[in-house]
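I'd like to walk you through one model today, so let me put it up on the screen.

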Amino acid sequence: MSILVLDQLSKRYGALLVTDGISLSVDRGEIVGILGPNGAGKTTLFNLIAGTVKPNSGTITFDGRDITREGAAVRCRAGISRSFQVPQPFTGMTVFENVLVGATFGRDRAGASDFAMRALELSGLTRKANQLAGSLPLLDRKRLELARALATDPSLLLLDEIAGGLTDSECHELLEVLREVNAAGVTMVWIEHVVHALLSVAQRLVVVDFGRKIADGVPDAVMASREVKSVYLGDDVHV
Amino acid sequence: MEWINIIVQGILVGGLYALFATGLSLIFGVMRLVNIAHGDLIIAAAYLAYTVIQLTGLHPLASLVVVLPLSALFGYGLQLAVLNRTLDKGILPPLLVTFGLSIIIQNFLLETFSADSRRLNAGAIEISSFSLMPGLDIGYVPLLTFACAVAVVWGLQYLFYHSPMGRSFRAVSDDPEVSQLMGLNNRTVYAAAMALSMVVVAIAGVLLAIRSNFDPFMGPGRLIFGFEAVIIGGLGNLWGTLAGGVILGVAQAVGAQIDPGWQLLAGHIVFLLILAVRPQGLFPKGVA
């Protein structure tokens, strides 16, 4: 049963086609990894799914419902949540308040502060709850991205390069958290350049290049495929 | 003693200026909208109270029971129907649209109520006062106005930092894109902020109308006082706005004492001096 279905999704900025007829279906409970060179249109794909950018054509179906025309706030309450590659906390608020916003407005608001505390705990930020978000170092900002995304009680979590810039042990911790979240029934789509991290949790890989989907399948098969090698290593590589 | 009296009266007038300014500050803080029609909305609220009193015979202060919800409703509708469409398109459209709104309100009031100046009759409280010490009499209306200003600033401050609604204002103000991803519908958050601003506007309008005469063209002058109070106090700091109103009020009172013609001039000069020396205002927003 698919939770998210993209059908022939296209987005153009002027003459530039950043998303070129992408079709993709994500099953409930799945972890799908997205790979692709810089500028391939991965983040735009997230913007389209989260609703901050509207497609020129194609449809997005979430939980059996066509959400192509819905705004970001509606999609958030429907259960889609995302983190940003460059963390974007509300800098004037404390860490706890940042998470509380999502817990209050992104879900049924009952027990918002307890829910926010749990999201902080899961992301390892409990001790910094009362610090100003603007004063956090990078790793904690990444954790806050995750906590805030979790606070809206998502059924689909879109992670944009959340492991980038972390040390191995930090990354390991993060993977544990993600596995735990996934075990609780949250579907994930994860864009990541840290391939070994992605491969250790993703059940499926999708590779995007120049706005098109060039591979989609079991991680090992995708990594071995000719198209993927040519995208990353050049056309004339013979392996 | 005479000077103490002048300064105290100036402080109390400052409360009214702070009320003019708070609604302006609130809107600018939440959605970066400079509302040129703010002064005219204050006068429109005074006329609304006038109409309610004509129809029902209520005391001006009691008329707030009707005027406040109507104003809030009007603000909510205005934001959804008109002002939301001007946001995200640069700084010019909101300025032009609210400027147009200002002209529309003035001429609507002129058509409906004529150019005669009006006043809300609040009865004995208008002129009654108590003596704090010889030569220093405090009027009940100015005192009430100042108390309202303090209560409004305190209330908004509390709401901003201790309620879900306040969090939604701060989130939208901080990052309008991310706030939507957190489930906030920016348009209704903006509408709620405008409704709240209109509540403050209505309080200011009624207190102004009890204190002095008003006519359809008084709005822009009140807008200037409001702007000056906001800028003196520092953007984004409501207590600073109250202080800004007080400084403006005292400057005017002292100016008037030197020469009656100097009343407005003194206020503007102090504003200019502060702007020249501290362009960020006296109490710019520290982090909360």
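So, into which domains is chain A divided? Before I answer, keep in mind that this is a predicted model. There's domain 1, which covers 1-79 + 156-239, and there's domain 2, which is 88-153. Going by C-alpha atoms, the centres of domain 1 and domain 2 of chain A are 24 Å apart. Where they meet, domain 1 of chain A puts in nine residues and domain 2 of chain A puts in 11 residues. On the domain 1 side, helix 2 and helix 6 (168-183) of chain A each bring at least two residues, and helix 6 gives the most, with three residues. That side of domain 1 splits into six nonpolar, one polar and two charged residues.

Now the sheet. Four strands of chain A make an open, antiparallel sheet, in the order 2-1-4-5. Strand 2 (16-27) and strand 5 (65-66) of chain A sit at the edges with a single partner strand each, so one side of each has no neighbour in the sheet. Helix 1 (residues 42-50) of chain A packs on that sheet, touching strand 1 (2-13), strand 2 and strand 4, and its direction is at about 65° to that of strand 2.

Last bit: the other chain. Here 23 residues of chain A are in contact with 17 residues of chain B. Helix 2 (72-78) and helix 3 (95-105) of chain A each supply at least two residues on the chain A side, with helix 3 giving the largest share, six residues. What's the make-up of that side? It's 10 nonpolar, nine polar and four charged.

Technical notes:
Residues numbered from 1 in each chain as written. Chains lettered and ligands numbered in written order. Predicted model: local features only at pLDDT ≥ 70, side-chain atom pairs only at ≥ 80, totals over all residues. Pairing = 2+ DSSP bridges. Contact = placed C-beta atoms within 7 Å. Axes fitted to C-alpha atoms, helices over the stretch in contact; angles between N-to-C directions. Nonpolar A, V, L, I, M, F, W, Y, C, P; charged D, E, K, R; others polar. Domains from an automatic or database assignment.
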